Amino acid sequence: MDFVVLVLQKFFSKSLEQAEQIMLRVHTEGRGVCGIYPRDIAATKIEQVTAFARNNQHPLACVMEGN
């Protein structure tokens, strides 16, 4: 849970309170919304988060959903 909060703060500029709320949604529902971004920015954030999670041996998944 702490790792997810760290990711939300580091890559999505969330406050501690916002990050904790999103983390709890991820924990209870299996997913949470980190933000709405243009496709290229979202893709970059996914790459950054995925690399950070792998480097820290964490199985965090980060995906983009279209509308």
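I began with Phe 12: at 8% relative accessibility it counts as buried (under 20% relative accessible area; exposed is over 50%, partly exposed in between; 1.4 Å probe, protein chains only). This is a predicted model, where local features need pLDDT of at least 70, side-chain atom pairs count only at pLDDT 80 or more, and totals for chains, interfaces and linings use all residues. Residues are numbered from 1 along each chain as its sequence is written, and side-chain values use heavy atoms, with hydrogens and water left out.

Next I looked up ring pairs (Phe, Tyr and the six-membered ring of Trp, centres within 6.5 Å; planes under 30 degrees apart are stacked, over 60 edge-to-face, the rest tilted). I got three aromatic pairs. The rings of Phe 11 and Phe 52 have centres 5.3 Å apart and planes at 65°, so I logged the pair as edge-to-face. Phe 11 is in helix α1 and Phe 52 in helix α3, so this pair ties together parts 41 residues apart in sequence. Both Phe 11 and Phe 52 are buried. Phe 12 and Tyr 37 have ring centres 6.2 Å apart and planes at 45°, so that pair is tilted. At 28% relative accessibility, Tyr 37 is partly exposed. Ring pairs also link Phe 3, Phe 11 and Phe 52 into a cluster.

Then I turned to α3, residues 39-55 (helices are DSSP runs of H or I, at least four residues, numbered from the N terminus). I listed its buried residues: Ala 42, Lys 45, Ile 46, Val 49, Thr 50, Phe 52 and Ala 53.

Methods:
Helices (H or I, at least four residues) and strands (E, at least two) are DSSP runs, numbered from the N terminus. The expected span of a helix is 1.5 Å times one less than its number of residues.
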